[in-house]
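Please open the structure in a viewer and keep the sequence at hand.

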Amino acid sequence: MASATATYGQKESSDQNFDYMFKILIIGNSSVGKTSFLFRYADDSFTPAFVSTVGIDFKVKTIYRNDKRIKLQIWDTAGQERYRTITTAYYRGAMGFILMYDITNEESFNAVQDWSTQIKTYSWDNAQVLLVGNKCDMDDERMVSGDRGRQLSEHLGFEFFEASAKDNINVKQTFERLVDIICEKMSESLDAGDPAITGAKQGPQLTEQPAPPHQDCAC
């Protein structure tokens, strides 16, 4: 298990434009819609054309949660096996993961367990994960039921969403819930005096708030 970096939840004294910066990775098999999901969230745009991500790319988005300005550095990773060594190098220091499969692709769902193992292997203990079944707008071509997605998420200990980048269903909600979970874990770590957290210069502690309600895709 990779060790935690001291920058987790760190308040950047050199840049007062944000209170915290979180590194988030979107991972999963090729063609599950990771890039489209990121573009929908960061730019509110969608293109049906599939262009395979080469290696890794990222976008930055700043949001307000819990009265704090949080800068998200969201990494879009390539799903192909040949890029695996490159992408897993970015797991270290990531505070959150969106582990994505395509509800119309059984193989992508079956690969979730392997992706989960990679997270455990290459990231650190406090990394938070959401499981997302993407493309729920394509219900006529569904191969993976919502119940199976929920059962797997419960088995893995992850929260679960079904979403659609195309129809903009649960995209914002997924990211905001992941940020809230990271904030909650960071607050708990600060309270517990985790040396990996308290060793860094901290900003004001984030307050916990109840988990916002979310809906599964109703396409």
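This is a predicted model: local features need pLDDT of at least 70, side-chain atom pairs count only at pLDDT 80 or more; totals for chains, interfaces and linings use all residues.

In which sense, right-handed or left-handed, does α4 pass α5 in their crossing?

**Stop one: two packed helices**

Select residues 112-122 for helix α4 and residues 146-156 for helix α5. The crossing of α4 with α5 is right-handed. The two helices pack at an angle of about 25°, and their axes lie 12 Å apart. Because angles under 35 degrees count as roughly parallel, α4 is described as roughly parallel to α5.

Next, display the side chains where the helices meet. On the α4 side, select Val-112, Gln-113 and Ser-116; on the α5 side, select Leu-152, His-155 and Leu-156. Coloured by class, this contact shows three nonpolar residues, three polar residues and no charged ones.

**Stop two: the largest nonpolar core**

Now select Phe-22, Phe-37, Leu-72, Ile-74, Ile-98, Phe-175 and Val-179, the residues with the most contacts inside the largest nonpolar core, which has 29 residues. At least two residues of this core come from each of β1 (20-28), α1 (34-43), β3 (68-77), β4 (96-102), β5 (128-134) and α6 (171-192). Which element gives the most to this core? The answer is α6, with nine residues.

Centre the view on Leu-72 and show its surroundings. Leaving aside residues up to four places away in sequence, Leu-72 touches Phe-22, Ile-24, Tyr-41, Lys-59, Val-60, Lys-61, Ile-63 and Val-179.

**Stop three: Thr-174 in α6**

Move to Thr-174, which lies in helix α6. Is Thr-174 buried or exposed? Its relative accessibility is 0%, so Thr-174 counts as buried. Select Phe-37, Ile-98, Leu-130, Val-132 and Phe-161 to see what Thr-174 touches, again not counting residues up to four places away in sequence.

**Stop four: Ala-89 in a loop**

Finally, select Ala-89, in the loop between α2 (84-88) and β4. Ala-89 has a relative accessible area of 56% and is therefore exposed.

Note on methods: Residues are numbered from 1 along each chain as its sequence is written. Side-chain values use heavy atoms; hydrogens and water are left out. A nonpolar core is a set of buried Ala, Val, Leu, Ile, Met, Phe, Trp, Tyr and Cys residues joined through side-chain atoms within 4.5 Å. Buried means under 20% relative accessible area, exposed over 50%, partly exposed in between (1.4 Å probe, protein chains only). Helices (H or I, at least four residues) and strands (E, at least two) are DSSP runs, numbered from the N terminus. Contact means heavy atoms within 4.5 Å. Axes are lines fitted to C-alpha atoms, for helices over the stretch in contact, and angles run from 0 to 180 degrees between N-to-C directions. Angles under 35 degrees count as roughly parallel, over 145 as roughly antiparallel, 65 to 115 as roughly perpendicular and the rest as oblique. A crossing is left-handed if the near helix is turned anticlockwise from the far one by less than a right angle, and right-handed if clockwise. Ala, Val, Leu, Ile, Met, Phe, Trp, Tyr, Cys and Pro count as nonpolar, Asp, Glu, Lys and Arg as charged, and the others, Gly among them, as polar.
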